[in-house]
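Subject: Structure handover

Hello,

I am passing on a structure for you to look through. Please open it first, then read the notes below.

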Number of protein chains: 2
Amino acid sequence: MNEILELIKQLDGVGNKAAKKIFFELLTSSQKRETFQKVIDTISKDFKICERCYFYKKNNLCAFCDDKTREQNLICVVSYLSDAQKILDNNFKGLVHVLNGELNFNKNIKPENLKIDKLFDRINKEIEVLLALNLTFEGEVTAGYLASELKNRVKKVSRIARGIPLGGVIDYIDDETLLDAIQNRKSLKKKEQE
Amino acid sequence: MNEILELIKQLDGVGNKAAKKIFFELLTSSQKRETFQKVIDTISKDFKICERCYFYKKNNLCAFCDDKTREQNLICVVSYLSDAQKILDNNFKGLVHVLNGELNFNKNIKPENLKIDKLFDRINKEIEVLLALNLTFEGEVTAGYLASELKNRVKKVSRIARGIPLGGVIDYIDDETLLDAIQNRKSLKKKEQE
C-alpha cells in the first residue's frame, strides 16, 4: 500500500492521512475511480496552457488573450494560475501574465525559471503593467525585481493597492477586497522602482 | 471549469477551494496527471474488496482472511475500511469484519444497508466478536444493536476498552492508545447487551 500512498502524496498539500483517505475512497468506490478518470481525461483533452500568457486555454480559447474586447495595454502580472483565475472572476478588463512562481533564492528559483522573459516579449511603451503579487517576502522580492526591470520599458508600472495585510496570500483574499485593490491600484514612484 | 470542479468535489471532504487547487495542479503538470492515472490503474488492477470480511485484497490476498496464522475465533468488527487498516497496523492477531458504515436513522442507514448479515454468516458459538466502533452516537447505536443481536449466537461479545474520550473517532486515535484499548478489551455484561 505504501507505494500507492507515495504516489497520492505527490499532490500538493496531501499528507499521509489525506492520502490514505483518498486511497480508501477510490478503492471502495469504482464510481469515484470513474469520476477521477473523467477528470484526468477532460483536463488532458479540453484544457491546455496558453503559450502567450500562461493562463489556461479551454477548447483552444484563452479567456484573456482570445477576448479582443479586453484592454490590450494593461497586463496584470500574477504568480500563479489560480491567481489569474481569481483576477478573471473579478471582472478585470485587461490582460494577464502568469509567472508560474515567485523568485526564491533559498529554493534557487531565479528570474530565468519564471515566465519573466515571456513577459518582456509582450511589453512596450504603450503598456501599463499591474503587479498583483502576493504580499509575502517572495512576492515582494519578485515585485521589486520586476519593477526595476520594467520601469524604462513600459508606460507605467503599478501595483494593486494594499488593502491586504502584510503576509497575506492573494488566493485567499475575499473578492471584494481584491476588486477594491485592483480599482485603487497606484503608480509606483520612480524611487520605489530603483 | 465548473463542471470539472463538481467532479473533483465528489471526493469526500474536498470543497470548492481544494477542488480548484487540485484542478490547477493537474492542469499545470502533465507529470501529476500521469501519476494520478497510475494511482487509478493500480487500484483497479491490484486491489479489490474481500467478499468475506470487506477489507481489501491486494493481488488477490486479504491480509486477514488469507493469513492462516491468525486467531480464527476472534473477529474484530469495525465501521470503515480505514479502521480495519489501523487494526492491521497494530498487530491485532484475529480476523476483522468491515461493516461499511454505521447505523444512522436520520440518513436512513439501516442494518440491511451495512454488511451485518455477512457478519452473522461468519459467526458461531466458538467465536468472540470484538466491537471496535467509533464512540460517537452512530457508533454506539451500531454497537448496541450488534451486541443485542449477537449475544446468543456467539461465545462472547466484547468491546475495546474506553481509553478514548466520548465523541472520539477511531481513525484519529494514536496507535498506542488503540493498542491499549484492544488489549484491555472487556466482555459486555449481559444487561448491557439487552
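Predicted model: local features only at pLDDT ≥ 70, side-chain atom pairs only at ≥ 80, totals over all residues.

How many bridges join β4(B) to strand β6 of chain B, and do they run parallel or antiparallel? Four bridges join them, and the two strands run parallel. Strand β6 covers residues 128-131 of chain B. Within this pair, C76(B) has L130(B) as its bridge partner. (Two strands pair if DSSP finds at least two bridges between them. Strands are DSSP runs of E with at least two residues, helices are runs of H or I with at least four, and both are numbered from the N terminus.)

Residues are numbered from 1 along each chain as its sequence is written, chains are lettered from A and ligands numbered from 1 in the order in which they are written, and side-chain values use heavy atoms, with hydrogens and water left out.

Back to β4(B). Four bridges also join it to strand β5 (residues 95-98) of chain B, again in parallel. There, V77(B) is partnered with H97(B). Strand β4 spans residues 74-78 of chain B, and five of its five residues are buried (under 20% relative accessible area with a 1.4 Å probe, protein chains only). L74(B), C76(B) and V78(B) point one way, I75(B) and V77(B) the other. Together, β4(B), helix α4 (residues 81-89) of chain B and β5(B) form a right-handed β-α-β unit (with the strands pointing away from the viewer, the path from the first strand over the helix to the second runs clockwise).

Now chain A. The domain assignment, automatic or from a database, gives domain 1 (1-46) and domain 2 (56-159). Their C-alpha centres lie 32 Å apart.

Chain A also has an open antiparallel sheet of three strands, in the order β1-β2-β3. Its edge strands are β1 (47-49) and β3 (61-62), each pairing on one side only. Two bridges join β2 (residues 56-58) to β3(A). K58(A) stands opposite L61(A).

Last, the two chains. A rotation of 180° with 0.0 Å of shift along its axis superposes chain A on chain B, with RMSD 0.0 Å (least squares on the C-alpha atoms of residues with pLDDT of at least 70 in both). That is the relation of a two-fold axis. Q37(A) comes closest to the axis among the residues of chain A, at 3.6 Å (C-alpha).

Best wishes

Key
Buried < 20%, exposed > 50% of the residue type's maximum accessible area, 1.4 Å probe, protein only.
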